[in-house]
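I opened this model to go through it piece by piece. My notes are below, in the order in which I looked things up.

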Amino acid sequence: MFLLQAVNYQAINGVIMKAIDVVIKEVAARDGLQAQPKHLTLAQRRELIAQLAATGVPELEIGSFVSPKAVPQMAGTDQLARDLPSRAIDYSALVPNLRGYELAISAGIKTLAIAIAATEQMNQNNIRMGLDQTFAMAEDMLSRAQTDGVAIHAYLAVAFECPYEGKVKPDQVVSQVQQLMGFEPARLVIADTIGAANPSEVEALMTRLVSEFGTERLGCHFHDTRAMAMANVYASLSAGIRQFDSSAGGLGGCPFAPGAKGNVATEDVVLLCESMGYHTGIDIPALLGCVATLSDMIGTPQGGRGHYWLANNAELFS
Ligand code: COA
Ligand code: ZN
């Protein structure tokens with residue numbers, strides 16, 4: 001592998017390890033499963049989480065605390081939350097409203113993701129609230145979170161294009177980010193929920209946001225609907241972004257965003273980052289094992305663009 005940057009090291013419990021340069025949040029157990037026609041059992045979801053946790057990924061989204069009528073695939077996330085593998089991983093869950101917030105906290109989750117869509121209609125279809133109401137809810141949750149000692153990752157969904165309202169103007173997104181940053185989330189994730197963004201607009205928007213807010217709290221979430229997710233990851237990396245969501249095998253989709261295809265695949269993002277000298281802490285053979293498990297559980301083959309090559313060259317990374 002060619003290293004384009006110096007390797008950083010850090011001490012964890014007295015052991016010197018390569019420091020993580022790019023933080024990946026693995027979302028297969030939530031964004032990956034939430035729109036699948038095949039509903040996994042709780043035992044399968046527990047097994048998947050255990051395997052994903054063993055890849056070395058620093059952050060793992062385990063599910064969502066949503067109405068089981070709206071998203072039956074996520075029913076029982078509270079039970080998973082009470083029985084997580086004891087590893088040094090930041091486990092998180094998506095919550096759509098205050099009810100979900102309270103349920104997640106009482107199940108012991110310390111990092112919550114909240115989705116705020118950039119458009120009126122997407123908020124209505126996703127969580128049955130208008131834009132103003134959604135921002136007011138975000139403000140309320142973020143102020144509660146400070147008292148409750150939990151971290152919030154605020155997602156600005158459909159930040160490039162909305163399936164109902166079309167293109168979203170960058171000026172609008174910048175002002176929404178300004179407003180949300182004022183509520184002090186631990187992270188603010190710019191999400192291309194339907195996979196409609198191109199690398200030029202991603203680089204332009206993320207460069208603008210980084211110049212205003214720095215890189216520490218910003219992250220990105222891409223879907224691969226138009227085969228540009230990897231190019232968009234590279235564009236955001238170039239803009240300075242170091243926090244990405246991705247899904248093992250590229251599994252993913254949103255039940256309320258028609259046309260949204262899979263998330264960018266974790267194995268592709270890891271391959272891109274490690275090839276360029278950015279350490280992710282993720283073990284490729286273990287990750288490929290998760291993709292095999294997912295393929296078995298879902299009943300169709302899963303895998304990112306680099307999957308075939310990686311499967312034949314996994315020893316390069318072990
Ligand atoms: N967790 C579990 N159940 C919940 C809930 C939550 N966070 N919020 C509401 N409910 C239940 C209510 O108790 C009620 O149940 P009942 O019909 O048995 O009485 C039912 O859901 C409807 O509640 P209501 O407050 O009227 O909500 P709604 O019908 O306006 O639906 C959401 C709003 C947010 C609960 C629902 O649309 C949802 O869960 N959406 C999921 C969004 C999502 O996951 N999107 C994908 C990722 S971005
Ligand atoms: Zn998504």
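These entries go from the whole chain to single sites.

**Entry 1: the whole chain**

I note at the start that this is a predicted model. I looked up the secondary structure, and the chain comes to 12 helices and 12 strands. Then I checked the dimensions. Along the principal axes, the C-alpha atoms fill a box of roughly 50 × 45 × 40 Å. I asked how the radius of gyration sits against a compact globule. For 318 residues, such a globule would have a value near 20 Å, and the chain has 18 Å, which agrees. I also looked at burial: 56% of the 318 residues in the chain are buried. Last, I looked at contact range. Of the contacts with a separation of 6 or more, 73% are between residues 24 or more positions apart.

**Entry 2: the zinc ion**

Which residues coordinate the zinc ion (ligand 2)? I found Asp-31 through OD, and His-221 and His-223 each through NE2. The distances run from 2.0 to 2.1 Å. Along the chain, the donors follow the spacing D-x189-H-x1-H. Asp-31 lies in helix 1 (residues 28–32) and His-221 lies in strand 11 (residues 218–222), so this pair ties together parts that are 190 residues apart in sequence.

**Entry 3: helix 5 against helix 6**

I turned to helix 5 (residues 120–127) and helix 6 (residues 131–148). Their axes come within 8 Å and cross at roughly 70 degrees. That makes helix 5 roughly perpendicular to helix 6. Which residues meet here? From helix 5, I listed Glu-120, Asn-123 and Ile-127. From helix 6, I listed Leu-131, Thr-134 and Met-137. By class, the residues of this contact divide into 3 nonpolar, 2 polar and 1 charged.

I then looked at the link between the two helices. Arg-128 lies in the loop between helix 5 and helix 6. Its phi is near 60 degrees, a positive value in a residue other than glycine. Is Arg-128 buried or exposed? Arg-128 is exposed, with a relative accessible area of 69%.

**Entry 4: Val-150**

Next I followed the chain out of helix 6. Val-150 is in the loop between helix 6 and strand 7 (151–157). Val-150 counts as buried, at 11% relative accessibility, because the cut-off for buried is under 20%. What is Val-150 in contact with, leaving aside its neighbours within four places in sequence? I found Tyr-101, Ile-105, Ile-109, Lys-110, Leu-112 and Ala-145.

**Entry 5: Glu-184**

Glu-184 is another residue with a positive phi that is not a glycine, at about 60 degrees. I placed Glu-184 in the loop between helix 7 (170–181) and strand 10. Glu-184 counts as exposed, at 51% relative accessibility, because exposed means over 50%. Leaving aside neighbours within four places in sequence, Glu-184 is in contact with Leu-142, Gln-146 and Arg-217. The C-alpha atoms of Glu-184 and Ala-145 are separated by 10.0 Å, and the two residues are 39 residues apart along the chain.

I listed the buried residues of helix 9 (residues 229–238). They are Ala-229, Asn-232, Val-233, Ala-235, Ser-236 and Leu-237. What covers them? The cover includes strand 10 (187–192), helix 8, strand 11, strand 12 (243–246) and helix 10 (266–275). Just after helix 9, Gly-240 takes a positive phi of about 110 degrees.

I finished with a residue of helix 8. Ser-200 is found in helix 8 (residues 199–213). Ser-200 is exposed, with a relative accessible area of 57%, whereas Ser-236 is among the buried residues of helix 9. The C-alpha atoms of Ser-200 and Ser-236 are 9.8 Å apart, and the residues are 36 residues apart along the chain.

Definitions and conventions. Residues are numbered from 1 along each chain as its sequence is written. Chains are lettered from A and ligands numbered from 1 in the order in which they are written. This is a predicted model: local features need pLDDT of at least 70, side-chain atom pairs count only at pLDDT 80 or more; totals for chains, interfaces and linings use all residues. Side-chain values use heavy atoms; hydrogens and water are left out. Donors are N, O and S atoms within 2.8 Å of the metal (3.2 Å for Na, K and Ca); water is not among the atoms, so sites may look incomplete. Helices (H or I, at least four residues) and strands (E, at least two) are DSSP runs, numbered from the N terminus. Axes are lines fitted to C-alpha atoms, for helices over the stretch in contact, and angles run from 0 to 180 degrees between N-to-C directions. Angles under 35 degrees count as roughly parallel, over 145 as roughly antiparallel, 65 to 115 as roughly perpendicular and the rest as oblique. Contact means heavy atoms within 4.5 Å. Ala, Val, Leu, Ile, Met, Phe, Trp, Tyr, Cys and Pro count as nonpolar, Asp, Glu, Lys and Arg as charged, and the others, Gly among them, as polar. The radius of gyration is taken over C-alpha atoms; the globule rule is 2.2 Å times the number of residues to the power 0.38. Buried means under 20% relative accessible area, exposed over 50%, partly exposed in between (1.4 Å probe, protein chains only).
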